[in-house]
Protein chains: 2
Amino acid sequence: MIGIFDSGIGGMTVARAVEQMLPEYSIVYFGDIARTPYGSKSAATITDYSLRNTEFLLQKGADIIIIACNSASSVATEALRREFQVPIIEVITPAAQQAIATTSSGRIGVIGTKATIRSGIYEQTICGQRPDFHVFSEACPLLVPLVEEGWINKQETKMIIRRYLHPLRDKQIDTLVLGCTHYPLLTELIQARAGKRVTLVDSSVETAKYVRRFLNEQPQLITREEAGTVTHRYYVSDLTESAHRVARKIFERPLELLLI
Amino acid sequence: MIGIFDSGIGGMTVARAVEQMLPEYSIVYFGDIARTPYGSKSAATITDYSLRNTEFLLQKGADIIIIACNSASSVATEALRREFQVPIIEVITPAAQQAIATTSSGRIGVIGTKATIRSGIYEQTICGQRPDFHVFSEACPLLVPLVEEGWINKQETKMIIRRYLHPLRDKQIDTLVLGCTHYPLLTELIQARAGKRVTLVDSSVETAKYVRRFLNEQPQLITREEAGTVTHRYYVSDLTESAHRVARKIFERPLELLLI
């Protein structure tokens, strides 16, 4: 079973992509809505929460863990790999690899939460492989609350995106990483502002592709379900209207959220 | 010692007012930054956190507890009064009383978080005393993240305030309750939008006044400090840049935040 956790509901964009690309596997998801958001909290607190979330998913039978949150991936991956024996997949590496594969100019933008941007993880990962590349990062802390409020097409959201992307305008980037699993819900507005010549890289979709390759190579690490026994369970630590609304938007169907 | 808790840093507007109006008492504050915000979470989760926060303050020697958070005051006051023997003071009653004292027309607006507005507590409190009054409420969930980002004078914040206050424009209110302890930081923008004929009621200041009256009437309930032994300790469950910045803004001095 594939275990996936996030600070809340943003990681459902990863879960949705995994459902579609890996229909033969069961999923157990945990969204830590009671302590959301992670992106504005400290690395120590995010790591503590990530350890507890992983324990929960392992108790529920997960064979591998996807950290479907850029903030937690940025600061907690090493701690999880030290603590647990199962494969731990994070969202940074897949997005960084796709950005490297996409760019022609070697000039890549990254947007994410404060925790993600402050960690410098995208620069390290990209420039670790390609020291000749340039990475320009901007923290966009208000985009998560805007998405959670459903303000996906509002004028204020457009203005805030414009303000956040402004410092990237003269950097001649040709690739922009959506380094937060909430941001795919703002793809249209971000693309409109970044311009046609900039290719967006969606960490959610890239992570699902990465998991598919990983499980093709290492099929022994996970139990493949019999046809008809695949189950998808979505646990949350709190139930809110916003969670129901955003989940429905991401999955394009009503989703049963199980309160732990 | 006066114990004060909040979901994070908004409650420091109450603590600051208490420091100024009751300089002869020590304060122990707890800001639950690791689990902030409360206002978009469920009543059950907010109550659970409020119980734990109160236990922490009592362990630190608090004689009375101020719930310096409208969301927690709205949904958790009864549970705290059932669970603990000490006086529990919440922020709704002082603000509601002041609104009743202020209005001429009997038409009162209230803005707050989703948890506060959904609870209907201001209507119940105001109309419980004055059934002839009319209360018009609007949830403003994005104002807390905007304040925490320090976007106190930004054009986007003005637009968002305009959008939130729009439904109140034709209600002929003459009084508007700032039903969230973050909102005093937005007083100017809210006043500008509400118009000169509307008087703002600040739940933070009213609560400090209420505590002063309460302790004048019931001085036996709390240990009065000897001159020179007053201490103010500010505990938090996480340390973030935003917390330091907003605390400094509220107190107009650097504040030592103690991580628990």
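Which residue with a positive phi follows α2(A)? That residue is Gly61(A), with a phi near 105°. Before we walk on, note that this is a predicted model, where local features need pLDDT of at least 70, side-chain atom pairs count only at pLDDT 80 or more, and totals for chains, interfaces and linings use all residues. Residues are numbered from 1 along each chain as its sequence is written, while chains are lettered from A and ligands numbered from 1 in the order in which they are written.

Buried means 20 or more other C-beta atoms within 10 Å of a residue's own, exposed 12 or fewer, and partly exposed in between, with C-beta atoms placed from the backbone.

β1(A) runs parallel to β2(A), joined by 5 bridges, and parallel to β3(A), joined by 4 (pairing takes at least two DSSP bridges). Ile4(A) stands opposite Tyr29(A) in β2(A), and its bridge partner in β3(A) is Ile66(A).

Now look at helix α2 of chain A, residues 43–59. Among its buried residues are Ile46(A), Tyr49(A) and Leu57(A). Seen down the axis, the buried residues of α2(A) fall within an arc of 165°, so they line one face of the helix (the arc is that of the directions from the helix axis to the C-beta atoms). On the other side of α2(A), you will find Glu55(A) and Gln59(A) exposed.

Terms used: Helices (H or I, at least four residues) and strands (E, at least two) are DSSP runs, numbered from the N terminus. The expected span of a helix is 1.5 Å times one less than its number of residues.
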